[in-house]
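Subject: Structure handover

Hi there,

Here is the structure I promised to pass on. Please have it open while you read, and my notes follow below.

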Amino acid sequence: MKIDSPEKFTEYADELQNKKHPILPNKISIQLKDKDGDNLKMENVLCHLNIYIDSLSYYTYSFIPTNSNGIVNLTKEEMIQNTELKHYFDEKIPMDKTPVKFDFMVMDNNLLNGIISSMENYLNIDIESIKTDLKSRGLTDVQIALQIPAIEEKMKSDKQLSEFLKKNKNAELNYSNGEKKITDFWNSESDYNYELK
């Protein structure tokens, strides 16, 4: 917004006044438990977090690995940087006091296998085939040449993600089908500890 009149400044000030940032915890810690309630000390169990900003929208953070003690530790900064919150979260504006709902769960093993399979299919396509496909879609040689470095960089990053995903231990659990989850609310910017049984 260009502020070139007193009216525009008032409008800008009103907008700022109405903007608020949601409550996010300083840190959360989730311990996986087995069916007997004992700590499940298993590394690389991939988990998933949904942060609900209102009744219709939420922000997703996926592929969160457990450490060797079967624990996920997340800081506020990690939650912001790994979700769409990074585009607008601003602690300098006032905090919305409305409790924030979240879901935390172990990722479904079938879903993970599907993602890995799709990524492998895509990563097996060679650059020449990609160039041919882009040409068939009407791109010029110059446009294609400009796009190839970005495509190669994306493929490199997706290859690393695929290798990381293949190390998951979700198939070894009896509750990796998304049915077991924690649903709760954050009421303050505190540290929260949970157990997922």
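Let me start with a pair of helices: H4 and H5 lie oblique to each other. Please keep in mind that this is a predicted model. The angle between H4 (residues 127–136) and H5 (residues 141–166) is about 135°, and their axes are 10 Å apart. Angles over 145 degrees would count as roughly antiparallel and those from 65 to 115 as roughly perpendicular, so this pair falls under oblique. The crossing of H4 past H5 is right-handed.

Which residues make the contact between them? From H4 come Ile127, Ile130, Lys131, Leu134 and Lys135. H5 answers with Asp141, Ile144, Ile148, Ile151, Glu152 and Met155. Sorted by class, the contact residues of H4 and H5 are 7 nonpolar and 4 charged, with no polar ones.

The other thing to look at is the largest pocket, which holds about 170 Å³ of space. Two strands, E3 (58–65) and E4 (71–75), each supply at least two residues of its lining. E3 gives the most, with 5 residues.

Key:
Residues are numbered from 1 along each chain as its sequence is written. This is a predicted model: local features need pLDDT of at least 70, side-chain atom pairs count only at pLDDT 80 or more; totals for chains, interfaces and linings use all residues. Side-chain values use heavy atoms; hydrogens and water are left out. On a 1 Å grid over the protein atoms alone, a cavity is a set of points where a 1.4 Å probe fits but cannot get out, and a pocket is an open set with protein on both sides within 12 Å along at least five of seven lines; lining residues have an atom within 4 Å of a point. Grid points are joined across faces, edges and corners, and a volume is the space filled by probe spheres set on the points. Helices (H or I, at least four residues) and strands (E, at least two) are DSSP runs, numbered from the N terminus. Axes are lines fitted to C-alpha atoms, for helices over the stretch in contact, and angles run from 0 to 180 degrees between N-to-C directions. Angles under 35 degrees count as roughly parallel, over 145 as roughly antiparallel, 65 to 115 as roughly perpendicular and the rest as oblique. A crossing is left-handed if the near helix is turned anticlockwise from the far one by less than a right angle, and right-handed if clockwise. Contact means heavy atoms within 4.5 Å. Ala, Val, Leu, Ile, Met, Phe, Trp, Tyr, Cys and Pro count as nonpolar, Asp, Glu, Lys and Arg as charged, and the others, Gly among them, as polar.
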